[in-house]
Amino acid sequence: MHTLILVLDLAGTFVFALSGAAVAVKYRLDIFGVLVLAFAAGNAGGVTRDLLIGAVPPAAIDDWRYLAVSVGAGVVTFAWYPHVERARVPLLVLDAGGLALFAVAGAQKALVFGLNPPMAILLGMLTGIGGGMLRDVLVSEIPTVLRAELYAVAAIAGASVVVLGDRLDLPPTAATLIGAALCFGLRVVAIWRHWRLPSRDSAAMG
Amino acid sequence: MHTLILVLDLAGTFVFALSGAAVAVKYRLDIFGVLVLAFAAGNAGGVTRDLLIGAVPPAAIDDWRYLAVSVGAGVVTFAWYPHVERARVPLLVLDAGGLALFAVAGAQKALVFGLNPPMAILLGMLTGIGGGMLRDVLVSEIPTVLRAELYAVAAIAGASVVVLGDRLDLPPTAATLIGAALCFGLRVVAIWRHWRLPSRDSAAMG
Amino acid sequence: MHTLILVLDLAGTFVFALSGAAVAVKYRLDIFGVLVLAFAAGNAGGVTRDLLIGAVPPAAIDDWRYLAVSVGAGVVTFAWYPHVERARVPLLVLDAGGLALFAVAGAQKALVFGLNPPMAILLGMLTGIGGGMLRDVLVSEIPTVLRAELYAVAAIAGASVVVLGDRLDLPPTAATLIGAALCFGLRVVAIWRHWRLPSRDSAAMG
């Protein structure tokens, strides 16, 4: 069971690291920059969560396998970028899987460390979106998650199921699976239907 | 007394969160981005301070009311942006109040955690300016506090009074009130008189 | 011996703080912005390392001398910017010295806190490059280290010697000196020969 969680966590890290490496190549960073963005995108969410809840050193710093998986994703992207680029749609679906996994695992870990329900949901979401935010800040862009598509809301939904399940004493495995499925489903439908959150056109209001 | 501090702290968070949300609307972020910037601007200073002094989990992560207040400020700004925009001057004055409060409370908390005087002043200042810095970084701008007007200096002045009061064994409440009044006064006069710190015109020197 | 390490650490902080202050002047920040970038460039690498390994409060927050040295570097740069600008080459060599020192000291400290070999190398590198990364993010630029010249690789090489020496039970002082010399030498040759890491020209692949 514990091994399964680790494998899923490393799989999520790999998928997110691919997105970081792809952004780095697009911005013409060198191979080192590609590896840094791979590691940042794959691990910054979990590392920030761990710092905030006091789980120090964070898992991604304590266990070298997170580094190995991130470097692997970076090297693959650097070596075969045209193929990675062409696999955009399957990668978006994999990314939705990574988001689902990180959101429920993040919320679960926050509950274990005694955080109250709303903050556990927030930290589940942060685990899911933090890596992508740092990735975008490092290439001097406004994080995509703040302005495009429905992404964080899917993470909030998934994390909420985990936290609600905990309050209602549901079996954790069931709540985790349902939460992950909800997050994944919402995100995939959002990609497919181009769902977006509302924004104000401030220029028109000036 | 303790309730009063919490109320003041939440009031400061609300005012700073308004500034974060207003920037987010100006950059056309979606409603989620507005809420993230509200939370970041309202809480990043205190969270960073708490991580640095070892107060984990940080207050803003442990207590859901900071999240609630930040979300409230975000929703208000999103719904009534034109009114928020028009209230620029009163909001600047309120922001000066938030700065004063965060600077003295931040310095006080750093002293409680055993930091030495100069670093307690630094952390008081960081509590006051950290949220605005992260807000600006997230929309890919150079933080305003680094290049415009007299802002951080007011926070340093307020925090210094608290730390000096502690060294001289003055009653903490008195030192806190004087420090907050000094910070608030300096900041308001700086807005009114357009006081700025010097900078070098590096282009002329090339 | 301990005093020597502190002196070297403060020297590295001073050199890095000069680079932060110089960037701040170039971006026309005010004197406060210059001091913030000096402190950030001089200390962010070590502070991040300390947060990640659980050494709280970080050395640069606990000991006011890091602040004093950083402020000193900022004031010097602000007052005599044309001279600092003209001293570009000697400063690059001094910066290579700072990098060497931070990389080996960072790896050493990570080992003391029980991190495993690959992560100790990673943290040594982070100690060396973290300050420059935050400096660049604060002026809204993509960190230079991610796209130019051979910089981080030198830090990795130096940190690796320290970690390898620890595994082979070599005397720590010898491993530290060799690691620092290797890092410094690599970096200086990289500046001299304009060595760069490879990057992909993604535009040609679109």
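Predicted model: local features only at pLDDT ≥ 70, side-chain atom pairs only at ≥ 80, totals over all residues.
The predictor assigns the complex an ipTM of 0.92 and a pTM of 0.94. Chain A has an average pLDDT of 93. In that chain, 97% of the residues score at least 70. Residues 202–206 of chain A stay under 50 in pLDDT. For this stretch the model has 8 contacts beyond four places in sequence.

The copies use different surfaces, as 9% of the contact residues of chain C recur in chain B.

The largest nonpolar core holds 203 residues. Four of its members touch the most other members: B:Phe32, B:Leu146, C:Phe32 and C:Leu146. In soluble globular proteins, nonpolar side chains tend to be buried together. The surroundings of B:Leu146 draw on chains B and C.

B:Asp136 sits in helix H7 of chain B, which covers residues 117–138. B:Asp136 counts as buried because its relative accessibility is 5%, under the 20% cut-off. Sequence neighbours up to four places away aside, B:Asp136 touches B:Glu141, B:Ile142, B:Pro143 and B:Thr144. In chain C, C:Ala148 belongs to the loop between helix H7 (117–138) and helix H8 (152–167). C:Ala148 is in contact with A:Asp30 and C:Arg196, leaving aside neighbours within four places in sequence. C:His194 is 46 residues from C:Ala148 along the chain. The C-alpha atoms of C:Ala148 and C:His194 are separated by 9.5 Å.

Over all chains, the structure holds 13 salt bridges. In chain A, A:Asp63 pairs with A:Arg65 at 3.1 Å, N to O. A:Asp63 is buried, at 16% relative accessibility. A:Arg65 is partly exposed, with a relative accessible area of 36%. Chain A also has a network of salt bridges that links A:Arg49, A:Asp50 and A:Lys109.

In chain B, the side chains of B:Asp50 and B:Arg49 form a salt bridge at 2.9 Å, N to O. Both B:Asp50 and B:Arg49 are buried.

In chain C, C:Lys109 forms a salt bridge with C:Asp50. The closest N and O atoms of C:Lys109 and C:Asp50 are 3.2 Å apart. This pair links distant parts of the chain, 59 residues apart. C:Lys109 lies in helix H6 (residues 88–112), and C:Asp50 in helix H2 (residues 31–53). C:Asp50 counts as buried, at 1% relative accessibility. C:Lys109 is partly exposed, with a relative accessible area of 23%.

Technical notes. Residues numbered from 1 in each chain as written. Chains lettered and ligands numbered in written order. Heavy atoms only, no water. Core = buried A, V, L, I, M, F, W, Y, C linked by side-chain atoms within 4.5 Å. Buried < 20%, exposed > 50% of the residue type's maximum accessible area, 1.4 Å probe, protein only. Contact = heavy atoms within 4.5 Å. Helix = DSSP H or I, 4+ residues; strand = E, 2+ residues; numbered from the N terminus. pLDDT = per-residue confidence, 0-100. Salt bridge = Lys/Arg side-chain N within 4 Å of Asp/Glu carboxyl O.
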